[in-house]
Amino acid sequence: MVNFRIMVVEDDGIIALGLQTKLESWGYTVDPVVFSGEDAVKESYQRKPDLILMDIGVKGDLNGIEAAHRIKELDIPIIFITGLDDQSITRKAMETVPYALLKKPVNNDMLKHLIQSALEEKR
């Protein structure tokens, strides 16, 4: 099995740890976990992960959507995860052409399937 690296962008430490634990149990390497849009952009360019799980409402000057716009040229699949239920935010997120957008609480089976599909397409 290829050891895929997934970056988790989530400002809630408990949710980030839960995602990291779940991803690692599925055999993925979580590298890194970051808490802001600015760090997501910086780490994406430095580490070039295979996939990004991105919360839309992260703290900092850049939210997840703005960070995704800046990362787009790297051609890294992004799966947005959000607790926000606002159609205008959803539309803005979809403008970044993410691989998927999931609402919290995340269905683990759906998340696992989407990650596998995104990584398979990337190969």
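**Notes on the predicted model**

1. Let's start in the middle. The largest nonpolar core has 19 residues, and Leu 23, Tyr 28, Leu 51, Leu 53, Ile 79 and Ile 115 touch the most other members. A nonpolar core here is a set of buried Ala, Val, Leu, Ile, Met, Phe, Trp, Tyr and Cys residues joined through side-chain atoms within 4.5 Å. Buried means under 20% relative accessible area, exposed means over 50%, and partly exposed is in between (1.4 Å probe, protein chains only). S1, H1, S3, S4, S5 and H5 each give two or more residues to this core, and the largest share, five residues, comes from H5. There is also a second, separate core of 18 residues, with Met 7, Val 9, Ala 40 and Val 58 among them.

2. A quick word on ground rules. This is a predicted model, in which local features need pLDDT of at least 70 and side-chain atom pairs count only at pLDDT 80 or more, while totals for chains, interfaces and linings use all residues. Residues are numbered from 1 along each chain as its sequence is written, and side-chain values use heavy atoms, with hydrogens and water left out. The element names come from DSSP runs: helices are H or I with at least four residues, strands are E with at least two, and both are numbered from the N terminus.

3. Now have a look at helix H3 (residues 64–71). Its buried residues are Gly 64, Ile 65, Ala 67, Ala 68 and Ile 71. Seen down the axis of H3, they fall within an arc of 160°, so they line one face of the helix; the arc is taken from the directions from the helix axis to the C-beta atoms. Their cover includes helix H2 (37–47), strand S3 (51–55), strand S4 (78–82) and helix H4 (87–94).

4. Pro 105 lies in the loop between strand S5 (100–103) and helix H5 (108–122). Another cis bond runs from Asp 31 to Pro 32, with omega near 0°, and Pro 32 belongs to strand S2 (residues 29–34).

5. Lys 48, between H2 and S3, has a positive phi near 45° and counts as partly exposed at 46% relative accessibility. Val 97, between H4 and S5, has a positive phi near 55° and counts as exposed at 61%. For background, most residues other than glycine have a negative phi, and most peptide bonds are trans.

6. Finally, strand S5. Ala 100 and Leu 102 are on its covered face, with Leu 101 and Lys 103 on the uncovered one. S4 and S5 run parallel and are joined by four bridges, and Leu 102 is the bridge partner of Ile 81.

Conventions: Contact = heavy atoms within 4.5 Å. Pairing = 2+ DSSP bridges.
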